[in-house]
Amino acid sequence: MYSQNRRQFIKTASPLALLPWIPNGNWFSATPDTVLYNANVITVDPGQPAAEAIAVSNGRILAVGASADMLRLAGAQTVKIDVGGKTILPGFIDAHSHPASSGLAHLRNVDTDLRSIEAIKEVIHERAKITPKGEWILGFKYDDTKTREGRIINRYDLDEAAPDHPVIITHRGGHSSYVNSMALERAGYSDSSPDPKGGKLGRENGELNGQLLETAVGPIWEQIPNSFTRADHQEGVRLITEMMSKSGVTSVTDAYGDATYLSAYQDALQADELSMRIYCMITYREIENMIEAGLQTGFGNEWVRLGGMKITLDGSISERTARLSQPYMGRPEDYGIIVMDEEEIYPYALKAHLNDWQIGVHANGDVAIDKTLNIYERLQKEHPRKDPRFRLEHCTVINPDLVRRIKALEAIPNPFSTYVYFHGEKMKEYGAARLENMFALRSFLDAGIKVTQTSDYPPGPFEPMMALQSSVTRTDMSGNLWGPSQRITVEEAIKIGTMHGAYASYEEDIKGSITPGKLADLVVLDKDPHQVDPYEIIDIPIERTMVGGKWVYES
């Protein structure tokens with residue numbers, strides 16, 4: 001299906017290719033390719049919540065029902081699979097992640113997700129041994145609160161690990177970096193350098209310590225040559241989509257894509273190496289070029305589709321730079337960072353809005369969410385548009401008034417789903433009272449808001465079972481409880497991770513539930529999340545993942 005659309009995606013699109021896909025029934029066959037039977041099917045379809053079997057035809061769900069009825073549809077060539085009582089769910093939709101960039105990082109960068117600074121120094125030192133002197137060493141997934149030394153890694157640590165190389169390691173949250181002295185020198189930084197607009201230079205006793213927050217890292221990246229080839233980008237996509245599909249993810253929103261990433265997804269698709277579907281949001285820096293090319297949200301096919309425009313207003317939750325109305329615990333003068341204020345963002349948002357693009361603004365703290373809602377309310381007041389589905393990327397720290405405004409706009413919050421569990425040790429810096437209004441799934445659901453499930457990977461792990469447990473229990477990996485008033489049920493968590501994710505990308509008619517006519521994207525679990533101890537959901541094995549009727553993972 002769609003072979004011409006795939007070949008011509010972006011580069012040679014005709015006006016007809018820009019029209020929405022209209023189902024014409026050509027996928028339909030009365031004889032299924034595959035029947036999955038003897039299963040516990042949780043459909044997330046209110047019209048038929050449970051079933052025993054699924055018939056799949058040409059990549060779509062043909063029928064759902066009793067095992068005997070589905071088996072009667074089978075023909076001589078139908079593959080019949082006895083699921084053995086295992087649980088089948090719709091494939092999970094990660095509504096905010098960074099697959100293309102993280103795939104590249106997994107290809108080349110040093111993984112510094114380690115539990116001591118000494119261990120990080122050792123892996124950097126080992127990379128230095130095989131890297132020509134003077135060339136950059138890059139690391140990723142560093143987490144400052146998970147190392148046993150109880151302090152951040154600094155320039156002197158990295159100088160010791162690699163004295164003859166410029167080094168940068170990026171925090172897994174993506175909003176801070178840590179560099180050595182050679183890197184600071186190449187970027188033109190000195191102890192007398194002022195903090196840049198929208199950023200901050202880390203200092204100790206008046207001297208730069210190598211920590212760079214938010215926009216302060218810009219001059220560093222200007223010095224790092226881009227050595228990735230087109231083949232590298234394709235391989236990164238192949239690798240990361242394979243990794244994510246093993247966990248049960250079948251669709252993902254790339255929350256900061258560009259033309260290069262789109263080509264990588266397309267190349268992987270052409271090579272049959274794309275293991276999940278992509279809704280690719282576009283950086284605001286490229287929105288004008290996209291508009292001039294006649295492109296808009298929704299262009300593409302059911303595998304690779306253009307999403308909204310993405311822009312960032314404030315900082316990070318995991319790195320404690322989100323812009324808050326009340327200071328961080330123990331830091332009475334620190335309210336976080338505004339990266340771009342609303343008056344800077346509005347012209348980009350207006351251009352996107354007037355050209356039928358969905359918009360997603362990164363807004364973590366309550367101050368940032370307020371500013372983002374100001375932008376959306378102004379757009380709808382001055383240029384009302386039907387069903388814009390404004391997105392609030394992260395939308396972490398809320399209050400009742402913000403919830404009311406979000407509902408009035410029918411906007412879509414996309415909070416972190418694995419943070420309570422994985423980043424629990426950071427939660428003390430927000431305080432118990434504020435945690436009752438963070439990752440606020442209960443508040444959003446009670447207000448009738450279609451909140452989604454997201455990992456933001458690398459900042460948060462992408463495993464949906466961790467997301468479910470985190471949302472249901474609100475406990476971290478050490479058993480600490482954070483914000484119990486925001487706990488939700490297993491059934492609600494599954495719906496958030498499936499149907500709500502589909503709604504956030506305008507795709508609720510083709511995915512998000514196991515419903516006849518929808519794409520055959522599903523996951524087979526060893527156990528039913530409803531039937532296990534909520535604190536053991538994370539341990540449920542993923543047996544198989546299907547995308548478009550094809551097994552992309554089998555344990």
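Residues 1–25 have pLDDT under 50, and the model has 37 contacts beyond four places in sequence for them. The model is a predicted one. Across the protein chain the mean pLDDT is 95, and 95% of the residues reach 70 or more.

**Sheet**

An open sheet with mixed pairing is formed by six strands, in the order β3-β2-β7-β21-β22-β23. Its edges are β3 (50–51) and β23 (550–554); each has a single partner strand, so one side of each lacks a neighbour in the sheet. Strands of a sheet are paired through backbone hydrogen bonds, in either a parallel or an antiparallel sense. For β2 (residues 40–42) and β3 the sense is antiparallel, and the pair is joined over two bridges. Valine 41 has alanine 51 of β3 as its bridge partner.

**Helix α12**

Helix α12 covers residues 366–382. With 17 residues at 1.5 Å a residue, α12 should span 24 Å, and its end C-alpha atoms are 24 Å apart, in agreement with that expectation. The buried residues of α12 are Asp366, Val367, Ala368, Ile369, Lys371, Thr372, Leu373, Ile375, Tyr376 and Leu379.

**Cysteines**

A disulfide is a covalent bond that links the sulfur atoms of two cysteines. With a cut-off of 2.5 Å between cysteine sulfur atoms, the count of disulfides is zero. Cysteine 280 counts as buried, because its relative accessibility is 0%. Cysteine 395 is likewise buried, with a relative accessibility of 0%.

**Salt bridges**

The structure holds 43 salt bridges.

| Salt bridge | N to O distance |
|---|---|
| Glutamate 126 – lysine 129 | 3.0 Å |
| Aspartate 164 – lysine 133 | 3.9 Å |
| Arginine 320 – aspartate 144 | 2.6 Å |

What separates glutamate 126 and lysine 129 in helix α4? The two are three residues apart in α4 (residues 117–129), which means a separation of about one helical turn. Glutamate 126 is partly exposed, at a relative accessible area of 35%, whereas lysine 129 counts as exposed, at 55% relative accessibility.

Aspartate 164 and lysine 133 form a salt bridge with their closest N and O atoms 3.9 Å apart. Aspartate 164 is in the loop between α5 (155–161) and β11 (167–171), and lysine 133 is in the loop between α4 and β10 (137–142), so this pair ties together parts 31 residues apart in sequence. Aspartate 164 is partly exposed, with 35% relative accessible area, while lysine 133 is exposed, with 68%.

The side chains of arginine 320 and aspartate 144 meet in a salt bridge at 2.6 Å, N to O. Arginine 320 belongs to the loop between β17 (304–312) and α11, and aspartate 144 to the loop between β10 and α5; the pair therefore ties together parts 176 residues apart in sequence. Are arginine 320 and aspartate 144 buried or exposed? Both residues are buried. Through shared partners, salt bridges join Asp144, Arg320, Arg331, Asp334 and Glu429 into one network.

How values were computed:
Residues are numbered from 1 along each chain as its sequence is written. This is a predicted model: local features need pLDDT of at least 70, side-chain atom pairs count only at pLDDT 80 or more; totals for chains, interfaces and linings use all residues. Side-chain values use heavy atoms; hydrogens and water are left out. Two strands pair if DSSP finds at least two bridges between them. Helices (H or I, at least four residues) and strands (E, at least two) are DSSP runs, numbered from the N terminus. Buried means under 20% relative accessible area, exposed over 50%, partly exposed in between (1.4 Å probe, protein chains only). The expected span of a helix is 1.5 Å times one less than its number of residues. A salt bridge is a side-chain nitrogen of Lys or Arg within 4 Å of a carboxyl oxygen of Asp or Glu. pLDDT is the predictor's confidence in each residue, from 0 to 100. Contact means heavy atoms within 4.5 Å.
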